[in-house]
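Let's take a friendly walk through a protein fold, one piece at a time. Have the sequence and the 3D view ready as you read.

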Amino acid sequence: MPTSSHQKHLLAATIAKAILHTALMLAVCSMILGCSANRPPSCRLDIPDRKSAPDRPDTSVGWCGEACIQMAALYHGKFISQHEINKAGFPEHPDLYSNDIPRALDNLSMSYKSWDRNDQNIEGYINWIKKQLALGRPVICGMKIYPDEHPDWSLDHFVLATGYTADTILINTNIFGRINFSLDQLKSGNDGYTFGNKYNRYFACSILGFNKNALPGH
């Protein structure tokens, strides 16, 4: 049926209005997606706590680093025994130290990001941990436990950070289960678990997953 000039103008106006509405909706969606890309106010990764292997060769020391790597590997879909993790680090001691953990991760074909240990800003360190967790990456962290047996060490124990709120970080302690520690405690030198140490040196590796050439899980 033929249309009049007036009808054509109405149709054109309707189409223009629809285009404008679509553009506005796309702009709003873009803003929403941009907001969601920012760090959420809280995060909790579903990672059960695991303790050091009871059959480790030397039970006078804990396999806290090994347990943390095992938990992170399980989160990313693979089981690796703590014995295998320990061997992958080629440690000079019975357990993995901070310099052994990156070597173990490399040899296990695990992808990770490390905190710059020359950066002494504890606020930046905590924010980095939260950022990694928001991206779905569990974080292996070094902690002091006061009162400490080794005042000359910058860390005594490895834990796995698995979540946060505005004023806490959820820690898989591999000893006492999962505990929410206040940021005030973590930044202090008070008795208990803390990131604070006299050297202002902090250790952390966020675990992204496995490299493409990694062996299948078993």
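Which residue in strand 6 is the bridge partner of Ile-171? The partner is Ile-179. Before going further, please note that this is a predicted model, in which local features need pLDDT of at least 70 and side-chain atom pairs count only at pLDDT 80 or more, while totals for chains, interfaces and linings use all residues. Residues are numbered from 1 along each chain as its sequence is written, and side-chain values use heavy atoms, leaving out hydrogens and water.

**The overall fold**

The chain has six helices and eight strands. Both are DSSP runs numbered from the N terminus: helices are H or I with at least four residues, and strands are E with at least two. Starting at the N terminus, the order is α-β-α-α-α-β-α-β-β-β-β-α-β-β. Of the 218 residues in the chain, 42% are buried. Here, buried means under 20% relative accessible area, exposed means over 50%, and partly exposed lies in between (1.4 Å probe, protein chains only).

**A hairpin**

Back to our opening pair. Strand 5 (residues 168-172) and strand 6 (residues 178-182) run antiparallel and are joined by five bridges; two strands pair if DSSP finds at least two bridges between them. Together they form a hairpin with five residues between them, and Asn-174 in the turn has a positive phi of about 55°.

**Helix 2 and its cysteines**

Helix 2 (residues 64-75) has 12 residues, which should span 16 Å at 1.5 Å a residue; the end C-alpha atoms are 17 Å apart, which agrees. The expected span is 1.5 Å times one less than the number of residues. Because 10 of the 12 residues are buried, helix 2 is largely enclosed by the rest of the structure. Among the buried ones are Cys-64, Cys-68 and Met-71. After the helix comes Gly-77, with a positive phi near 100°.

How many disulfides does a search of the whole structure find? It finds zero, where a disulfide is a pair of cysteine sulfur atoms within 2.5 Å. Cys-68 has its nearest cysteine sulfur, that of Cys-64, 6.4 Å away. For Cys-141, the closest cysteine sulfur is in Cys-68, at 8.3 Å, which is too far for a bond. Cys-68 is buried, with a relative accessible area of 0%, and Cys-141 also counts as buried at 0%.

**Rings and charges**

There are seven aromatic pairs. Rings of Phe, Tyr and Trp (its six-membered ring) pair if their centres lie within 6.5 Å; planes under 30 degrees apart are stacked, over 60 edge-to-face, and the rest tilted. Trp-115 and Tyr-125 have ring centres 5.5 Å apart and planes at 75°, so this pair is edge-to-face. Trp-115 lies in the loop between strand 2 (110-114) and helix 5 (122-134), and Tyr-125 lies in helix 5, so the pair ties together parts that are 10 residues apart in sequence. Both Trp-115 and Tyr-125 are buried.

| Charged residue | Ring | Distance to ring centre |
|---|---|---|
| Arg-39 | Tyr-164 | 5.9 Å |
| Lys-78 | Phe-210 | 4.3 Å |

How values were computed:
Lys NZ or Arg CZ within 6 Å of the ring centre and 35° of its normal.
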